[in-house]
Amino acid sequence: MSDDQAEPLALRSPEQFKALGHPVRHRIVNVLRQRPATLRQLSTALGLAKGTVGYHVRVLCEADLIHLKQTRQVRGGTEQYFALVSHDFTFHEDAHNGPQFLINAALGEMLPARPGQAEHTALRHLWLSQEQAHALAARLGEQEAEPHAADGTHREPYGLLVSLFPADIPTLEDDTIAPGEGA
């Protein structure tokens, strides 16, 4: 598999979830979404020791989430560039912990907004027919699949967690008494 493939990697194995569940490994994956990188580049970006990053990269490789993309000879040594096996991950139909995993990952990434920085977090409930829910899910999927612009301009990373789910909200029966009328 190559890191520029169109198909998302379907997460399924306990090793994959365990690998991605660690905050350092999750951050490594997010850094590698930008481009392949060496251990030195990763350790600089993350502010961690090269040995620590090397350990976590090895765990991600063993879980088949990243791979050695290329090597390059430099000053008597060899640089190894690591890349994601896929830029997009999805959950296999057998992986029932997917939504909880994503919510925990999003919470781990959230930073308090600095002055002037955009931020919005809200929980809303929609009352939809099955057809409307399927249409909205399809539209959200299309938005998610939009390619990421890589035009070289400096941009700050923002996270977006969108979830359309059946909500556990009891439904009131129809009220046969008009509001304001007494019984």
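Arg 75 counts as exposed, at 88% relative accessibility. Exposed means over 50% relative accessible area, buried under 20%, and partly exposed in between, with a 1.4 Å probe and protein chains only. Arg 75 sits in the loop between strand 2 and strand 3. Its phi is positive, about 40 degrees, although Arg 75 is not a glycine. The hairpin of strand 2 and strand 3 has two residues between the strands.

This is a predicted model: local features need pLDDT of at least 70, side-chain atom pairs count only at pLDDT 80 or more, and totals for chains, interfaces and linings use all residues. Residues are numbered from 1 along each chain as its sequence is written, and side-chain values use heavy atoms, with hydrogens and water left out.

Now the overall layout. The protein has six helices and four strands. Helices (H or I, at least four residues) and strands (E, at least two) are DSSP runs, numbered from the N terminus. From that end, the order of elements is β-α-α-α-α-β-β-β-α-α. The protein has 183 residues, and 23% of them count as buried. Take the contacts between residues at least 6 apart in sequence: 62% of these join residues at least 24 apart. Contact means heavy atoms within 4.5 Å.

Strand 2 (residues 66-74) and strand 3 run antiparallel and are joined by eight bridges. Two strands pair if DSSP finds at least two bridges between them. Ile 66 has Leu 84 of strand 3 as its bridge partner. Asp 64 is exposed, with a relative accessible area of 53%.

Next, the helices. Two packed helices are described by the angle between their axes and the distance between the axes. Here axes are lines fitted to C-alpha atoms, for helices over the stretch in contact, and angles run from 0 to 180 degrees between N-to-C directions. Helix 1 (residues 14-21) and helix 2 (residues 23-32) pack at about 90 degrees, with axes 5 Å apart. That makes helix 1 roughly perpendicular to helix 2. The scale is as follows: under 35 degrees is roughly parallel, over 145 roughly antiparallel, 65 to 115 roughly perpendicular, and the rest oblique. On the helix 1 side, Lys 18, Ala 19, Leu 20 and Gly 21 make the contact; they meet Pro 23, Arg 25, His 26 and Val 29 in helix 2. By class, this contact has four nonpolar, two polar and two charged residues. Ala, Val, Leu, Ile, Met, Phe, Trp, Tyr, Cys and Pro count as nonpolar, Asp, Glu, Lys and Arg as charged, and the others, Gly among them, as polar.

Helix 2 also packs on helix 4. Their axes come within 10 Å and cross at roughly 80 degrees. The two helices are therefore roughly perpendicular to each other. Helix 2 brings Val 24, Arg 25, Ile 28 and Val 29 to this contact, and helix 4 brings Val 53, Tyr 55, His 56, Val 57, Val 59 and Leu 60. The residues divide into eight nonpolar, one polar and one charged.

How much of helix 2 is covered? Seven of its ten residues are buried. They are Val 24, Arg 25, His 26, Ile 28, Val 29, Val 31 and Leu 32.

This leads to the core. A nonpolar core is a set of buried Ala, Val, Leu, Ile, Met, Phe, Trp, Tyr and Cys residues joined through side-chain atoms within 4.5 Å. The largest one has 27 residues; Leu 20, Ile 28, Leu 42, Val 57, Leu 60, Leu 65 and Phe 89 have the most contacts inside it. The elements giving two or more residues to this core are strand 1, helix 1, helix 2, helix 3 (39-46), helix 4 (50-62) and strand 3 (77-84). Helix 2 gives the most, with five residues. Leaving aside neighbours within four places in sequence, Leu 42 is in contact with Ile 28, Val 31, Leu 32, Ala 37, Val 53 and Val 57.

Two further sites remain. Thr 38 lies in the loop between helix 2 and helix 3. Thr 38 counts as buried, at 4% relative accessibility. Beyond its neighbours within four places in sequence, Thr 38 is in contact with Glu 79, Gln 80 and Tyr 81. Glu 7 lies in the segment before strand 1 (9-11). Glu 7 is exposed, with a relative accessible area of 57%. Glu 7 and Ser 86 are 79 residues apart in sequence, yet 7.3 Å apart in space, C-alpha to C-alpha.
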